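Have the model on screen as you read.

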Amino acid sequence: MQKFTVHEGVAVPLDSANIDTDQIIPKQFLLAVSRKGFGKHLFHDWRYLDEAETKLNPEFNLNKPEYQGATILVARDNFGNGSSREHAPWALMDYGFKAVIAPSFAMIFNNNALGNGLLPLRLKEDEVDQLFKVLTEKPGTTIRISLEDMTVDCAGLHFTFTLDEFRRHCLLEGLDAISLTLLHDKEIRAY
């Protein structure tokens with residue numbers, strides 16, 4: 001897992017609440033257990049006008065030129081609800097996202113994201129509203145997230161956030177469950 005300390009990138013607004021994991025990565029694409037290759041199917045039903053994924057929907061923000069290369073997704077309440085598929089954070093990360101900002105996340109999605117190095121960052125609803133205003137008025141705007149300082153900065157806006165200290169430590173150090181276990185390699189071998 002890569003370390004997450006400070007990240008600055010283009011943010012794309014996705015003005016929807018209750019985005020479920022089947023919208024993030026539809027079930028027909030869950031044919032592998034490798035973390036790679038899911039990004040091209042991210043938000044399939046919204047991004048494409050055809051099943052073959054040859055015709056992009058020009059109205060969907062991820063397809064607009066000003067949001068190309070976006071690494072931060074801003075959404076509404078209850079992001080990642082639905083099934084417990086770990087493929088959802090895999091698809092977001094494979095597409096290039098490093099963080100998702102929303103007022104709330106489904107618990108299982110939240111845990112899967114943190115376990116894979118994707119930061120689910122909670123801000124207050126009015127703070128997310130302010131971000132949406134900036135991102136829609138000035139497409140292509142960047143957001144700077146500091147996990148070290150627990151801050152979010154965007155076009156003069158400054159917010160703070162909280163994260164469980166253990167999860168924060170794991171992200172800062174790039175430690176997933178296997179890496180955490182391997183920290184005790186000597187003791188495990190001795191046992």
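1. Start with Met150, which counts as buried at 13% relative accessibility (buried is under 20% relative accessible area, exposed over 50%, partly exposed in between, with a 1.4 Å probe and protein chains only). Met150 sits in the loop between strand 5 (142–146) and strand 6 (151–154), and its phi is positive, about 60°, although it is not a glycine. Helices here are DSSP runs of H or I with at least four residues, strands are runs of E with at least two, and both are numbered from the N terminus.

2. A word on the ground rules. This is a predicted model, where local features need pLDDT of at least 70 and side-chain atom pairs count only at pLDDT 80 or more, while totals for chains, interfaces and linings use all residues. Residues are numbered from 1 along each chain as its sequence is written, and side-chain values use heavy atoms, with hydrogens and water left out.

3. Asn78 is another non-glycine residue with a positive phi, near 60°. You'll find Asn78 in the loop between strand 2 and helix 3, and it is partly exposed, with a relative accessible area of 26%.

4. Now follow the chain into helix 3 (87–95). Its buried residues are His87, Ala88, Pro89, Trp90, Ala91 and Leu92, and they pack against helix 1 (21–24), strand 2 (72–74), strand 3 and helix 4. After the helix comes Gly96, with a positive phi near 130°.

5. Which residues touch the most other members of the largest nonpolar core? They are Ile24, Phe43, Leu73, Phe79, Leu92, Phe97 and Phe109, out of 29 residues in that core. (A nonpolar core is a set of buried Ala, Val, Leu, Ile, Met, Phe, Trp, Tyr and Cys residues joined through side-chain atoms within 4.5 Å.) Strand 1, helix 3, strand 3 (99–102) and helix 4 each give two or more residues to this core, and helix 3 gives the most, with four.

6. Ile24 is worth a click. Leaving aside neighbours within four places in sequence, its contacts (heavy atoms within 4.5 Å) include Phe43, Phe79, Ala88, Leu92 and Phe109. A second, separate core has 27 residues, among them Ala11, Leu119, Val128 and Leu163.

7. His44 belongs to helix 2 (residues 44–47) and is buried, at 1% relative accessible area. Beyond its neighbours within four places in sequence, His44 has contacts that include Asp50, Glu51 and Glu53.

8. On cysteines: Cys154 is buried at 2% relative accessible area, and Cys170 is buried at 6%. The structure holds zero disulfides (a disulfide being a pair of cysteine sulfur atoms within 2.5 Å).

9. Last, the largest pocket, with about 360 Å³ of space. (On a 1 Å grid over the protein atoms alone, where a 1.4 Å probe fits, a pocket is an open set of points with protein on both sides within 12 Å along at least five of seven lines; lining residues have an atom within 4 Å of a point. Points are joined across faces, edges and corners, and volume is the space filled by probe spheres set on them.) Its lining has 16 residues, with Gln2, Met93, Lys98, Asn116 and Gly117 closest to the centre. Helix 3 turns up again, giving the most to this lining, with three residues.
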